Amino acid sequence: MASEARYPILADTSSLIAVANTTQWKRLKDAIHLTTTNVCKHELQNHVNSNKYPPEGSREYYLKRGSQRVLEHLDEDSSPWSCVTVVPRPHGPDAGEQSLKQELSEYGSSYQIVSILDSAARRSIRRLIDNNGYDIDVVGPPYLLYILLDNDLIEKPEFCEATVRMIQTEGWTGYEVVKNAWTSIPVDCSEILDDEYDDALPPK
C-alpha cells in the first residue's frame with residue numbers, strides 16, 4: 001500500500017494518467033518519488049469503474065488504462081509513490097485539483113514541484129505558493145519525463161518522442177495548453193522531430 005510520506009513532487013489525477021500512458025511508464029514509475037492525494041486516487045478509481053469495456057484507442061480507454069496502472073503502482077508495497085489524506089475532502093468536478101491546493105496550503109514546505117496542466121488550477125496554485133513564500137515550481141506532466149532525461153535514465157530522442165506522444169494521446173491542443181505542458185523543460189525537440197509533430201512542440 002502507498003505510504004503517507006510526502007515526497008518532493010505532488011501530482012494531480014490528469015498528470016498521473018498522462019505519465020502512466022507513456023512509453024516510459026515502466027522506467028518512470030520506479031525512478032521518481034511522487035505524492036498524490038486520496039481525492040485523486042478516488043478519481044482514478046472512478047475512471048476504472050465507469051468504463052467497463054472502452055473501445056481501444058478511445059479517450060475512455062486511455063483514462064481506464066492509465067488509472068489502472070497508477071492504482072496498481074500505488075498499491076505495491078515497494079512503490080516510491082505515496083498517497084496523502086486531505087481533510088476536509090473536496091467534492092465536485094475539480095476535487096482533485098482542489099485537494100492539491102488544500103495539501104499545499106498545509107504542507108507546502110514539503111514540496112518542490114507540482115505537476116498539473118489545467119490553466120485555472122495552475123494560476124490558483126501559483127497564487128497560493130506566492131502568498132506563502134514557497135519555493136515550488138508548477139509544471140506540466142511532461143516534466144516528469146524530463147526528470148528521467150535530467151538524471152541520464154533516458155536519451156534525448158526517447159524523451160522527445162515520449163513527450164509529443166503524451167501530448168497527442170492526451171489530446172492537448174491549443175497554444176496555452178501546449179505551452180503549459182512544456183513549462184520548465186529546457187530541451188529543444190524541434191531539431192529531432194519531424195514537422196508532423198509541430199502542434200505538440202512548444203510555441204516559438
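Where is the place of Tyr 61? Select Tyr 61: its place is in helix H4. Before going on, some ground rules.

**Ground rules**

This is a predicted model, in which local features need pLDDT of at least 70 and side-chain atom pairs count only at pLDDT 80 or more, while totals for chains, interfaces and linings use all residues. Residues are numbered from 1 along each chain as its sequence is written, and side-chain values use heavy atoms, with hydrogens and water left out.

**Whole chain**

Show the chain as a cartoon. Nine helices and five strands make up its secondary structure. Helices (H or I, at least four residues) and strands (E, at least two) are DSSP runs, numbered from the N terminus. Trace the order from that end: β-α-α-β-α-α-β-α-β-α-β-α-α-α.

Switch to the C-alpha trace. Along its principal axes it spans about 50 × 45 × 30 Å.

The accessible area comes to about 10,100 Å², with 44% of it belonging to carbon and sulfur atoms. Areas come from the Shrake-Rupley method with a 1.4 Å probe; for residues, only the protein chains shown count as cover. Colour by burial next: 51% of the 204 residues are buried. Buried means under 20% relative accessible area, exposed over 50%, and partly exposed in between (1.4 Å probe, protein chains only).

Now display contacts, meaning heavy atoms within 4.5 Å. Of those between residues at least 6 apart in sequence, 72% join residues at least 24 apart.

Return to Tyr 61. At 22% relative accessibility, it counts as partly exposed. Leaving aside neighbours within four places in sequence, Tyr 61 is in contact with Pro 54, Pro 55 and Glu 56. Run a distance to Ser 190: 29 Å, C-alpha to C-alpha, across 129 residues of sequence.

Step to Tyr 62, also in H4 (residues 59-74). Not counting residues up to four places away in sequence, Tyr 62 touches Ile 17, Asn 21, Gly 57 and Thr 169. Its C-alpha is 24 Å from that of Ala 120, 58 residues apart along the chain.

Is Asn 21 buried or exposed? Asn 21 is buried, with a relative accessible area of 10%. Beyond four places in sequence, Asn 21 touches Tyr 62, Arg 65, Gly 66, Arg 69 and Glu 170.

**Helix H6**

Select residues 119-132. The 14 residues of H6 should span 20 Å at 1.5 Å a residue, and the end C-alpha atoms are 20 Å apart, which agrees. The expected span is 1.5 Å times one less than the number of residues. Buried here are Ser 119, Ala 121, Arg 122, Ser 124, Ile 125, Leu 128 and Ile 129. The buried residues of H6 pack against helix H5 (95-107), strand S4 (113-115), strand S5 (137-139) and helix H9 (175-181).

**Helix H7**

Finish at residues 142-150. Eight of the nine residues of H7 are buried, so this helix is largely enclosed by the rest of the structure. Among them are Pro 142, Tyr 143, Tyr 146 and Leu 149. Just after H7, select Asp 152: it takes a positive phi of about 60°.
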